[in-house]
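Me: Please take a close look at the metal site in this protein. Then place it among its surroundings, with the terms spelled out.

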Amino acid sequence: MTNTVTAVRRAAWVVAWDESTSQHVYMQDVDIVFSKDGILHVGPAYEGHVDEVIAGASLMVMPGFVNVHCHSGDEPIAKGLFEDVGTAALWGNALYEYSALIDADDDAKAACQTIMLGDLMRSGVTTHLDIASPHSKWLSLAAESGLRAYLAPGFREAQWRMAGSHRLDFEWNKARGRERYAEALAFVDQACTHPSGRIDGVIAPSQIETCSEELIQDAVAEARRRGMRITIHAAQTMAEHEELLRRTGETAPALLERLGVLGPDLILGHCIFLDHHTWTRQRSRDDLARLARSGTSVAHCPVTFARSGMTLESLGAYCRAGVNVGIGTDSYPFNMLEELREALICSRIAGRSVFDLDTGSLVSAATLGGAKALGRSDIGRLAAGAKADLTLVDLSHPAMQPVHDPLRNLIHCAAERAIRDVYVDGDAVVKGHRIVNLDYDGAIRELQDAQKRACRRAEQDDPQGRSLSTLAPYSLPLAVRG
Ligand SMILES: [Zn+2]
């Protein structure tokens with residue numbers, strides 16, 4: 001197999017890793033050289049052999065983003081349905097009464113995954129952690145895409161049940177949950193031996209409130225025996241917070257601390273409603289310290305929650321408390337740069353200050369924070385010896401002009417429009433804005449029918465027997481259908 005050595009010559013800007021200060025720094029007018037073996041050089045003119053040269057005069061080279069939390073399963077077909085609804089009795093959240101009604105069939109899951117992977121890579125993601133129900137193409141599509149993948153088959157012992165529109169109940173079936181858990185273990189054991197070397201498994205009890213304490217402890221012990229990461233949705237809604245208080249009197253971090261499962265190998269999905277959050281009205285202020293001293297990581301996905309009027313308080317406060325935070329995209333639109341922009345805005349609104357978080361710290365969370373959450377020092381940074389996971393940003397794009405600070409332009413204005421090429425392990429997965437390895441357009445063509453099928457099932461499954469027009473009314477009255 002040939003191993004092409006590629007050089008970006010005299011890149012106008014490079015977001016490079018500075019080992020001496022352990023942070024990203026800007027370099028200007030330097031070479032970056034890489035192959036399948038990794039990054040060979042970042043710095044002034046490279047003298048060694050190269051096979052391919054890319055002119056860097058109008059480029060910024062930056063590390064690929066590490067997305068620590070996304071769901072390929074149903075999300076692309078849930079688009080446009082429930083953005084304006086929520087359950088008032090559950091603090092306005094749409095998750096339990098509405099979103100949970102959408103369930104893609106196996107035919108649609110591969111299309112949904114293809115779209116997620118394509119959208120992620122086009123917004124500069126090179127590593128992703130996908131929490132989903134396994135389907136027959138899950139592993140092969142992740143491998144074909146060329147992205148670095150952490151596949152997390154979710155399992156749980158309880159299903160959410162809504163009685164009317166006011167109460168969340170839990171229907172427990174522990175035997176079935178244990179079966180799903182065994183299947184998940186078998187899947188991750190298979191995933192981590194994939195010949196691409198880019199795929200690993202993650203052990204994922206789906207939600208803190210849908211798994212028994214015993215299952216969470218067993219799953220964490222199995223993950224630690226295998227040296228795998230663990231991810232759990234925790235402190236993601238007020239309904240969950242209130243349920244945990246009702247069961248144990250504890251917040252999510254307090255419960256997980258008592259179970260002995262907090263630690264640097266644990267990634268908590270969302271972690272919004274902690275004891276300092278103004279909605280929870282707790283007496284204590286201990287949760288951020290619990291996460292920080294245990295080294296537990298938080299996967300922060302602001303877009304989905306901000307859409308429902310909720311936000312973490314605040315990303316800057318988590319960082320100042322010493323909590324490791326990575327960024328994820330959770331559900332659609334799977335646009336990492338949109339996620340970053342919203343993370344910055346939400347942080348400043350929740351922190352009530354423009355000084356709550358700066359652009360450089362945010363970029364670090366989306367790269368180094370994610371890499372640390374996954375226990376890796378060879379991704380999320382551009383340095384000799386690291387993996388060749390990187391993004392070429394087109395500084396000549398109108399949305400990037402004029403250039404004073406290209407990361408600010410990218411996050412505050414241009415977003416994915418300026419992402420030209422994306423490389424993983426030295427191979428292009430996006431080239432000239434085009435997705436190299438996936439049939440993205442084919443997957444898009446499947447979505448309309450897949451959404452119609454899912455909506456018919458939602459109408460059948462809704463305990464209140466509501467029609468789609470009641471569950472998901474149009475945002476404007478339909479005046480004429482010609
Ligand atoms: Zn999630």
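Reply: Donors here are N, O and S atoms within 2.8 Å of the metal (3.2 Å for Na, K and Ca); water is not among the atoms, so sites may look incomplete. This is a predicted model: local features need pLDDT of at least 70, side-chain atom pairs count only at pLDDT 80 or more, and totals for chains, interfaces and linings use all residues. Residues are numbered from 1 along each chain as its sequence is written, and side-chain values use heavy atoms, with hydrogens and water left out.

Start with the zinc ion. Its protein donors are His 69 (NE2), His 71 (NE2), His 233 (NE2) and Asp 330 (OD). Along the chain, the donors follow the spacing H-x1-H-x161-H-x96-D.

Now the geometry. Four donors count as tetrahedral if all angles lie between 85 and 135 degrees; four count as square planar and six as octahedral if opposite donors are over 155 degrees apart and all others between 65 and 115; anything else is irregular. Around this zinc ion, the four donor atoms subtend angles of 86 to 169°, so the arrangement is irregular.

Next, burial. Buried means under 20% relative accessible area, exposed over 50%, and partly exposed in between (1.4 Å probe, protein chains only). His 69 has a relative accessible area of 0%, so His 69 is buried. His 71 is buried too, at 14%.

Next, backbone details. Helices (H or I, at least four residues) and strands (E, at least two) are DSSP runs, numbered from the N terminus. Phe 334 sits in the loop between β15 (324-327) and α11 (336-350). Its phi is near 55°, a positive value in a residue other than glycine. Phe 334 is buried, at 1% relative accessibility. His 433 also has a positive phi, near 70°. This residue lies in the loop between β18 (427-431) and β19 (434-435). His 433 is partly exposed, with a relative accessible area of 34%.

Two cis peptide bonds deserve a look. One runs from Glu 313 to Ser 314, with omega near -25°. Ser 314 is in the loop between α9 (302-307) and α10 (315-320). Another joins Gln 401 and Pro 402, with omega about -10°. Pro 402 lies in the loop between β16 (390-394) and α13 (406-414).

Turn to a strand residue. Thr 126 belongs to strand β7 (residues 125-132). Its relative accessible area is 1%, so Thr 126 is buried. Contact means heavy atoms within 4.5 Å. Not counting residues up to four places away in sequence, Thr 126 touches several residues, including Gly 64, Phe 65, Asp 389 and Val 424.

Last, helix packing. Axes are lines fitted to C-alpha atoms, for helices over the stretch in contact, and angles run from 0 to 180 degrees between N-to-C directions. Angles under 35 degrees count as roughly parallel, over 145 as roughly antiparallel, 65 to 115 as roughly perpendicular and the rest as oblique. Helix α4 (residues 174-191) and helix α5 (residues 213-226) pack at about 10°, with axes 12 Å apart. The two are therefore roughly parallel. Among the contact residues are Arg 178 and Tyr 181 of α4, and Leu 215 and Asp 218 of α5. Helix α2 (residues 106-122) and helix α14 (residues 440-461) pack at about 130°, with axes 8 Å apart. That pair is therefore oblique.
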